[in-house]
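Me: I'd like to go through this protein bit by bit. Can you take my questions as they come?

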Amino acid sequence: MIDAAYADRLIVITAPSGAGKSTLIHRLMQEDPNLVFSVSHTTRPPRAGEQDGREYHFVGEAEFDRMVASDGFLEWADVHGRRYGTAREEIASLLATGKRVLLDIDVKGGLRLQSLLKALFIFIAVDGPETLRRRLVERATDRREVIERRVANATRELEAGRRWPHVVVNHDLAQAYTDLKKLIDGGGGGGGGG
């Protein structure tokens with residue numbers, strides 16, 4: 001478990017696919033020099049323009065299995081047929097910088113982390129699955145069947161969002177960013193257990 005003394009330096013942001021989480025996080029990282037980003041591991045292949053070590057640590061199934069077996073992940077989950085995980089070593093290294101650490105976590109992982117550590121937990125929501133479908137289609141990074149699977153999962157994820165201590169609804173990106181920044185600037189730890 002991560003020491004509770006770090007609770008005011010951990011920010012966990014969660015959202016269903018297409019809610020605008022990555023866009024909001026990108027802007028936060030550009031504008032706040034006191035934040036460092038925790039790069040997750042994934043077994044999915046990189047999308048166009050993504051770089052290993054920047055968006056994700058892209059690893060094969062065998063490497064991911066090795067990390068699971070050695071308890072190398074603080075949390076990990078199967079999401080849309082690919083696995084994603086937060087490496088313990090990555091978090092410890094980032095906390096050592098003295099900055100606040102921002103984690104971009106899927107909904108399953110976010111639920112797990114709420115029971116493992118104290119942090120500022122924020123859920124990015126939208127007004128419903130149709131908004132997500134439209135955004136995923138406009139993003140044009142996934143095939144139609146992948147989009148439909150993500151939308152089906154997102155319906156359950158939006159329901160799960162009710163279990164987060166803080167929710168930012170992204171109807172308007174500028175307003176969502178303002179709301180998110182207020183939470184981060186004014187909030188330390190709090191949401192989550194143990």
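Me: Which helix is the place of Asp179?

Reply: Helices here are DSSP runs (H or I, at least four residues) and strands are DSSP runs too (E, at least two), both numbered from the N terminus. This is a predicted model, where local features need pLDDT of at least 70, side-chain atom pairs count only at pLDDT 80 or more, and totals for chains, interfaces and linings use all residues. Residues are numbered from 1 along each chain as its sequence is written, and side-chain values use heavy atoms, with hydrogens and water left out. The run that holds Asp179 covers residues 173-186, and that is helix H7.

Me: Does Asp179 count as buried, partly exposed or exposed?

Reply: Buried means under 20% relative accessible area, exposed means over 50%, and partly exposed is in between (1.4 Å probe, protein chains only). Asp179 comes out at 27% relative accessibility, so the label is partly exposed.

Me: Which residues have the most contacts inside the largest nonpolar core?

Reply: A nonpolar core is a set of buried Ala, Val, Leu, Ile, Met, Phe, Trp, Tyr and Cys residues joined through side-chain atoms within 4.5 Å. The largest one has 40 residues, and strand S8 (residues 120-125) gives the most to it, with six residues. The ones with the most contacts inside this core are Ile13, Ile122, Ile124 and Leu180.

Me: What is Leu180 in contact with, leaving aside its neighbours within four places in sequence?

Reply: Contact means heavy atoms within 4.5 Å. With those neighbours left out, the partners of Leu180 are Ile13, Leu24, Leu28, Ile122, Ile124 and Val168.

Me: Which strands stand at the edges of the open sheet of five strands?

Reply: Two strands pair if DSSP finds at least two bridges between them. This sheet has parallel pairing and the order S2-S7-S1-S8-S9. Each edge strand has a single partner, so one side of it is left without a neighbour in the sheet. Those strands are S2 (35-38) and S9.

Me: How many bridges join strand S1 to S8?

Reply: S1 (residues 10-14) and S8 run parallel. Ile11 in this region stands opposite Leu120 in S8. The number of bridges joining the two strands is four.

Me: What is the order of the open sheet of four strands?

Reply: Here the pairing is mixed. S3 (residues 41-42) and S4 run parallel, joined by two bridges, while S5 and S6 pair in the antiparallel sense over six bridges. The order is S4-S3-S6-S5.

Me: Why is S5 largely enclosed by the rest of the structure?

Reply: Look at how its residues are placed. S5 is largely enclosed because the number of its seven residues that are buried is five.

Me: Which parts does the pair of Phe123 and Trp164 tie together?

Reply: Rings of Phe, Tyr and Trp (its six-membered ring) pair if their centres lie within 6.5 Å; planes under 30 degrees apart count as stacked, over 60 as edge-to-face and the rest as tilted. Phe123 and Trp164 are tilted, at 5.1 Å centre to centre with 50 degrees between the planes, and both are buried. The pair ties together parts that are 41 residues apart in sequence, so the answer is strand S8 and the loop between helix H6 (144-160) and strand S9 (166-169).

Me: Which residues do ring pairs link into a cluster?

Reply: The whole structure has five aromatic pairs. Phe58 is also the bridge partner of Thr42, and Tyr84 is the bridge partner of Ala77. The cluster is made of Tyr56, Phe58 and Tyr84.
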